[in-house]
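Hi there,

Here is the structure I promised to pass on to you. Have a look at it in your viewer first, and then read my notes below.

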2 protein chains.
Amino acid sequence: MCRHYHGAVELIGRRWAGAILYALTDGPLHFAELKESVPGMSDRLLSCRLKELEKAGLVQREVQPGNRVRVSYELTDKGHSLEPVMAELRDWARHWHRA
Amino acid sequence: MCRHYHGAVELIGRRWAGAILYALTDGPLHFAELKESVPGMSDRLLSCRLKELEKAGLVQREVQPGNRVRVSYELTDKGHSLEPVMAELRDWARHWHRA
């Protein structure tokens, strides 16, 4: 058993974590945009998952100063490097959904 | 958001599910062998995950009749077709562990 694999699969499989990462593959999103793109997730759970993903080095938080401070979230290099895995999993899921 | 991807990532990410699938990539295992290969998992949780994975069509249960009935678990074609995804995730995890 590979403990690195185990850690990774449980991290991205945690409720909504995989969905958040997938939503960010198209570029940075504000909290509200992220919430819209993953329907059914509460604010609290979204914050919690974002913190976990930040801690794991997959997502980074960007604060844009201004009259109205805005916060956006984007994938780090480590997060982006998961894209092929996510794409392959998506293709697998689509294929077997049709089958 | 692709709901097929979402379903797949949450299924294999459920606690220990990814680890069970990974352990079965080398061939069928009996319940006790599976339990040994995924240390720290209770009998009850292992049974529960195996039932979920059977229901999702990833694992099949094989009963070998005889003086002492033995049950083994193995990946279905659908389960085997997840192997490239698991391998890629393992490589990703190893790479970033070293980094």
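**Around the rotation axis**

Among the residues of chain B, Gly13(B) comes closest to the rotation axis, with its C-alpha at 1.8 Å. Please keep in mind that this is a predicted model.

What does that axis do? Turning by 180° about the axis, with 0.0 Å of shift along it, superposes chain B on chain A, and the RMSD is 0.0 Å. The two copies are therefore related as by a two-fold rotation axis. Both copies use the same surface, since 100% of the contact residues of chain B recur in chain A.

**Where the chains meet**

How many residues of chain B are in contact with chain A? There are 32, and they meet 32 residues of chain A. On the side of chain B that touches chain A, helix H1 (3-13), helix H2 (17-23) and helix H6 (83-98) each supply at least two residues. H6(B) gives the most to that side, with 10 residues. By type, the residues of this side divide into 17 nonpolar, 8 polar and 7 charged.

**One residue to look up**

Is Leu53(B) buried or exposed? Leu53(B) has 24 other C-beta atoms within 10 Å, and 20 or more make a residue buried, so Leu53(B) counts as buried. Leaving aside residues up to four places away in sequence, Leu53(B) touches Ala17(B), Ile20(B), Leu21(B), Leu58(B) and Val59(B). One of these, Ile20(B), is 33 residues from Leu53(B) in sequence, with 9.2 Å between their C-alpha atoms.

Enjoy exploring!

Key:
Residues are numbered from 1 along each chain as its sequence is written. Chains are lettered from A and ligands numbered from 1 in the order in which they are written. This is a predicted model: local features need pLDDT of at least 70, side-chain atom pairs count only at pLDDT 80 or more; totals for chains, interfaces and linings use all residues. Copies are superposed by least squares on the C-alpha atoms of residues with pLDDT of at least 70 in both. Two residues are in contact if their C-beta atoms, placed from the backbone, lie within 7 Å. Helices (H or I, at least four residues) and strands (E, at least two) are DSSP runs, numbered from the N terminus. Ala, Val, Leu, Ile, Met, Phe, Trp, Tyr, Cys and Pro count as nonpolar, Asp, Glu, Lys and Arg as charged, and the others, Gly among them, as polar. A residue is buried if 20 or more other C-beta atoms lie within 10 Å of its own, exposed if 12 or fewer, and partly exposed in between; C-beta atoms are placed from the backbone.
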